[in-house]
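Please work through the exercises below with the sequence and the coordinates open beside you. Each task is followed by a solution that goes step by step.

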Amino acid sequence: MDLIISVLGLLVLIVEGIRCQGVYASPTVRIIHSGHACNVEEERHTERVYTIREGETLELACLVTGHPRPQIRWTKTAGSVSDRFQDSSVFNETLHIAKILRTQGGRYYCKAENGLGSPAIKSIRVDVYYLDDPVVTVHQSIGEAKEQFYYERTVFLRCVANSNPPIRYSWHRGREVLTQGSDKGVEIYEPFFTQGETKILKLKNLRPQDYANYSCIASVRNVCGIPDRSVIFRLTNKTASPSIKLLVEDPIVVNPGQTVSLVCITTGGEPPPTLTWISSNDSLPQRSVVKGGTLTLPAITSDEAGVYSCVASNNVGNPAKKSTTIIVRALKKGRFWITPDPYHNDDNIQIGREVKISCQVEATPPEELTFSWLKNGRALRSSERMVITQTDPDISPGTTNLDIIDLKFTDFGTYTCVAALKGGGIPEISIDVNISSTTVPPNLTVPRGKSPLVAREGDTVELECLVSGKPKPIILWSRADKEAPMPDGSMQMETYDGVLRIVNVSREMTGSYRCQTSQYNGFNVKPREAVVELIVQYPPTVEPVYMEMRQGLGRPVVMTCRVLRAHPSRVLRFEWLLSNRLLHAGAFDAQRDETEYTIRNLNRDGWGEYTCNVINEAGAGKCTFQVTGKAYPPEFYYDTYSPLWQNRPRVYGFKLQWTQMNPNAVDRIVAYRLGIRQMGLQRWWEQEIPVDTTINKGELMTHNLTELIKPESYEVRLTPITRFGEGDSTIRIVTYSAPINPHLREFHCSFEDEPICMFTQDKNDDFDWTRHSAATRDTKYTPNTGPSGDRSGSKQGFYMYIETSRPRKEGDQARLVSPFFNIAPKNPYGITNPPAYCFGFFYHMYGKHIGTLNALLKQKGQTTSEGAVWSLSGNQGDRWKQAKVSIHPTASFQVVIEGIRGPGIEGDIAIDDVTLEEGECRNPPPNLNSKEPFKSSHIWLLCIALVITLLEGQR
């Protein structure tokens, strides 16, 4: 008795869980393919490989089940290259890639999730096939090469092409096919390390007959319909590697704006070499012009300077390369600095001491740089007291120094450093430096009241450092408190007036800023620096910024506004408002960072937008709560069993089903407003669907749409209605789909076309059926098995068969699934007298290791496994036989043809000419094992018997 009570309690829990869950279900997913697939095969027993030719259209569809409707996302991992699928994802059921490229191969994932359970993920690997034109390169063994390239003994012809899958190469001399061993003077081999990437033809002890036309044919054996590609190379006694000559100097020094022409000519090579130009700047300038072997660079700029190379290639030997360097003359970035007497611990310039003026520019070419000095506009020559030197280029390039020994009052004045390039053509750079009694080193201070500087977020602020001294140096600004970039993104900013201006200051810019004198355009002394503190105030940051709260009448509502951060952190006050009407205000408790507002009993006046303003000195942060009685949107159910029915010639019906999201969150739903309009038209037709009872979570509701015109599609809109009014709407598309078998007596599939009559490979079996004809099937590894032609005896005709060679093992299953065949009932609510159909096909089961061939019936909505309606095992001889069996489906159905591998490789099973006809089979072939499908009533009888046995045992 205790056991019975326990079992009943468990059943109650299960039933209650099912009732609460309703039709909600976690997602499932599978990938089907269309487009231009060459082949779909299994790999490593777990992964499907989709093969497609480059340039064709890839189309993968992700079929999902689950409620609510799962969201579908396609992603891709890298294939042969690091292609990240445009660094994004595609949210769509169908992935469509037109003119697919080889770089787009790889593994594609379809992910479906609806918030229930774990996301469902399936993947398929896409293999893109291609074949490029082959290229033949010719080499002679280095030890034997002399002046004439081919007067020596050994020559190598190497053929290379890019492809997927690997290439099979063949060599021809004229019309003669060359194979290993066919000619003692010819050796054909593949280097071990290339792994099928190349094939080398070696001509030993070159003979007169070896001077001929050689053709290399690259083939992928017509996979995906890719034709063979070939290339011809003519070998003569004049064949030679290329040689070239540049008719220009090296280097070429020019002024900006000049037009430069580089001329390259060939001096040898057979076949005639092809000339190309390359640059050290990755690519040739956009305005460059290449004509034959001449490269012209009009109005050249400094950015276009670099090394330019002429390369000649004719696939014989190594390419020839000659280079020249173009140097564009330029002067830029003039700077100066003043160095006081290093022998005195004083940064000031004083009479009787030494002072040095340094001047630096960037020059191209540096060896053409010349300096001259002027004092008050007059030329200055080096003397014992005025020493002019030029710094070693390796230490400080482009620098000149003027050392004034024993400074006198008469030495005060303006000194000018003039930089120029020999030969002229480039504007000079002049730098003036004033030496006088007022020339003093710099000093930095922060004005009073400018640090700390307090600002509000979004303001424009100016950080200021006062700089004194003459000449005034450039001021460098950086962060002093942390290693962080400045507002412009750089680590350091320059100002000439000591003021750093920041527009639209943000809270992240709070901190210490260092101002520092630079050594350029000033004194070469220890940098002076100061620090400015910036404090940015900002209004409180709060959460939630916006929240919708749905609630029914008479229920409580609690709203909470939380402060995350603020500066100043001392929050002054808060205020709650409803549509600008003040409800409550106060100050924050020092121990709390949140405030609440409660509606104890929601009434109609309580619906609306509530605002909580949290205020400090910098402004206010705002939480917004939308309190509403709107019902949540309905959730359309897409997994309806046989939703579409056709009982009249010109119209059809559709079973519309849905659940209600969170039905108990608001007042009871009293009705639904149904809107429907034909696609392409503007007018909506509306009606109300009354709801008399309380809707439970997960409860499936149904409404039949009738009088829909074939073959039009319709947009359906469903809106829940409560005492509050209309809730959120949901829209879906209802699409008409004609039954696959409007006239079953006409259904016939002989597998002659690539789509194979919409049959598909089962995703959960061990391997796939293969479409082949006797003319193309490779029987090298499977003798004494399989048919020699299709059912009609034609070697060109196609059929489907299972290949039982390795890696297949005994018991492995391959399943071929038919398209769905719809049964049109007389009414939309079911079928009382299921019709009969005759399923027929031809089979070929020849070989000593033949396994089993099964035909199974799979009905839509069926929870049990498919029932076998026909089965046959063992060797049936080398001939085609016909099978027929009557089936009685009660719903839309599919027929599954299952091949099971036997104990060895001589076990290929083939099928052809599949038919489906209305009515019982007439005169079915004898000696066949036909089975009725396992009825669901048998399962109930079994369950009842087990329960009775259990109770008897307890007695």
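The link of Cys465 and Cys515 is left-handed, with -80° about the S-S bond. This value, like the others here, comes from a predicted model.

**Exercise 1.** Determine which parts of the chain the disulfide of Cys465 and Cys515 ties together, and decide whether Cys465 is buried or exposed.

*Solution.* Begin with the bond itself: the sulfur atoms of Cys465 and Cys515 are 1.9 Å apart, and the two residues form a disulfide. Finally, turn to accessibility, where buried means under 20% relative accessible area. Cys465, with a relative accessible area of 1%, is buried, and Cys515, at 0%, counts as buried too.

**Exercise 2.** Find out how many disulfides the structure holds, and describe the one that joins Cys264 to Cys310.

*Solution.* The structure holds seven disulfides. In the one that joins Cys264 to Cys310, the S to S distance is 2.1 Å, and the link is left-handed, with -75° about the S-S bond. Cys264 belongs to strand β20 (residues 260–270) and Cys310 to strand β24 (residues 306–313), so this pair ties together parts that are 46 residues apart in sequence. Both Cys264 and Cys310 are buried.

## Strands and rings

**Exercise 3.** Work out the order of the strands in the open sheet that contains β32, and say which strands stand at its edges.

*Solution.* Four strands form this open sheet, in the order β29-β28-β32-β33, and their pairing is antiparallel. At the edges stand β29 (378–380) and β33 (429–435), each with a single partner strand, so one side of each is left without a neighbour in the sheet. From one strand to the next, the twist averages 35°. Looking at one pairing in detail, strand β32 (residues 413–421) and β33 are joined in the antiparallel sense over seven bridges, and Ala419 stands opposite Ile429 in β33.

**Exercise 4.** Classify the ring pair of Trp658 and Tyr672, and then find which residue lies over the face of Trp684.

*Solution.* A search of the whole structure finds 17 aromatic pairs. In the pair of Trp658 and Tyr672, the ring centres are 5.3 Å apart and the planes stand at 75°, so the pair is edge-to-face. Trp658 is in strand β53 (residues 651–660) and Tyr672 in strand β54 (residues 671–678), 14 residues apart, and both are buried. As for Trp684, Arg717 lies over its face, at 4.0 Å from the ring centre; likewise, Arg550 lies over the face of Tyr632, at 4.3 Å from the ring centre.

How values were computed. Residues are numbered from 1 along each chain as its sequence is written. This is a predicted model: local features need pLDDT of at least 70, side-chain atom pairs count only at pLDDT 80 or more; totals for chains, interfaces and linings use all residues. Side-chain values use heavy atoms; hydrogens and water are left out. Two strands pair if DSSP finds at least two bridges between them. Helices (H or I, at least four residues) and strands (E, at least two) are DSSP runs, numbered from the N terminus. Axes are lines fitted to C-alpha atoms, for helices over the stretch in contact, and angles run from 0 to 180 degrees between N-to-C directions. A disulfide is a pair of cysteine sulfur atoms within 2.5 Å. Buried means under 20% relative accessible area, exposed over 50%, partly exposed in between (1.4 Å probe, protein chains only). Rings of Phe, Tyr and Trp (its six-membered ring) pair if their centres lie within 6.5 Å; planes under 30 degrees apart count as stacked, over 60 as edge-to-face and the rest as tilted. A charge sits over a ring if NZ of Lys or CZ of Arg is within 6 Å of the ring centre and within 35 degrees of the ring normal.
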